[in-house]
Amino acid sequence: MNRRVAARYAIALMDLGEELKMLDQIAEDLRDIEQTVRGSRELELVLMSPVFNPGQKLNLLTEIFGKRCGEMTMKFIALLVRKGRSEYLMATSQEFLRMLDAKNNILHARIESAVGLSEEEQRQLIAKLERMSGKHIRSEFSLDPTLRGGFVARIGDEMIDASLKRQLELLREQFSQGGSPVLN
């Protein structure tokens, strides 16, 4: 998939959304579209398929999103489909949301922990990550029992590994090299 094509459409939609002061509405619609398409392999295949003509694709998308999305988003979907670019709907949505987050100084963080974190622990962790990065954090939490304890946070291209599993690996490396973390 050509990311540049998706980026051009996303920039155009961003400019229009800013001009009409509808960025939040468009972003909400695109999150819904992204979640729906990601949850339906059949819909994703229809968007990619040359077997379905643009009219069929537009009818299907209008049936699914017509009442859920705003008029501007539906016009944008219609434009993509008429131009034969329906396969770029997901990539354009993702690119738009990424650009909007960057504009609003927001980073996306995927945080895995060994055990479920309480809401308070999640808030404290997010606050600490925000202080470290200097940006707002939009988080997604999941469980990974193999960590044994602690957490791993992936923020953009960076990874913060504060897991017990990693700490044990570091100790093992030090012992295998003849050192002792306690005695050094």
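**Exercise 1.** Work out how many nonpolar, polar and charged residues the lining of the second largest pocket has in this predicted model.

*Solution.* Residues are numbered from 1 along each chain as its sequence is written. Because this is a predicted model, local features need pLDDT of at least 70 and side-chain atom pairs count only at pLDDT 80 or more, while totals for chains, interfaces and linings use all residues, and side-chain values use heavy atoms, with hydrogens and water left out.

Begin with the names: the second largest pocket is lined by Arg31, Glu34, Gln35, Arg38, Gln94, Leu97, Arg98, Asp101 and Arg138. A pocket is an open set of points on a 1 Å grid over the protein atoms alone, where a 1.4 Å probe fits and protein lies on both sides within 12 Å along at least five of seven lines, and lining residues have an atom within 4 Å of a point.

Next, sort the names: Ala, Val, Leu, Ile, Met, Phe, Trp, Tyr, Cys and Pro count as nonpolar, Asp, Glu, Lys and Arg as charged, and the others, Gly among them, as polar.

**Exercise 2.** Describe the largest pocket by its volume, its lining and the classes of its lining residues.

*Solution.* The volume of the largest pocket is about 500 Å³. Its lining consists of Leu97, Arg98, Asp101, Ala102, Ile106, Leu107, His108, Arg110, Arg138, Glu140, Arg154 and Gly156. Two or more of these residues come from each of α6 (89-103), β1 (106-113) and β2 (136-143); here helices (H or I, at least four residues) and strands (E, at least two) are DSSP runs numbered from the N terminus. Sorted by class, the lining has four nonpolar, two polar and six charged residues.

**Exercise 3.** Decide whether the aromatic pair of tyrosine 9 and phenylalanine 76 is stacked or edge-to-face.

*Solution.* Rings of Phe, Tyr and Trp (its six-membered ring) pair if their centres lie within 6.5 Å, and planes under 30 degrees apart count as stacked, over 60 as edge-to-face and the rest as tilted. The count is one aromatic pair. The ring centres of tyrosine 9 and phenylalanine 76 are 6.4 Å apart and the planes stand at 70 degrees, so the pair is edge-to-face. Tyrosine 9 belongs to helix α1 (residues 3-19) and phenylalanine 76 to helix α5 (residues 71-82), so that the pair links distant parts of the chain, 67 residues apart. Both residues are buried, a word that stands for under 20% relative accessible area, with exposed over 50% and partly exposed in between (1.4 Å probe, protein chains only).

**Exercise 4.** Find out which residues leucine 89 is in contact with, leaving aside its neighbours within four places in sequence.

*Solution.* Leucine 89 lies in helix α6, and it is buried because its relative accessible area is 2%. With contact meaning heavy atoms within 4.5 Å, the partners of leucine 89 are Ile33, Leu47, Leu61, Ile77 and Leu80. For isoleucine 77, which is 12 residues away along the chain, the C-alpha atom is 7.4 Å from that of leucine 89.

Notes
Points joined across faces, edges and corners; volume = space filled by probe spheres on them.
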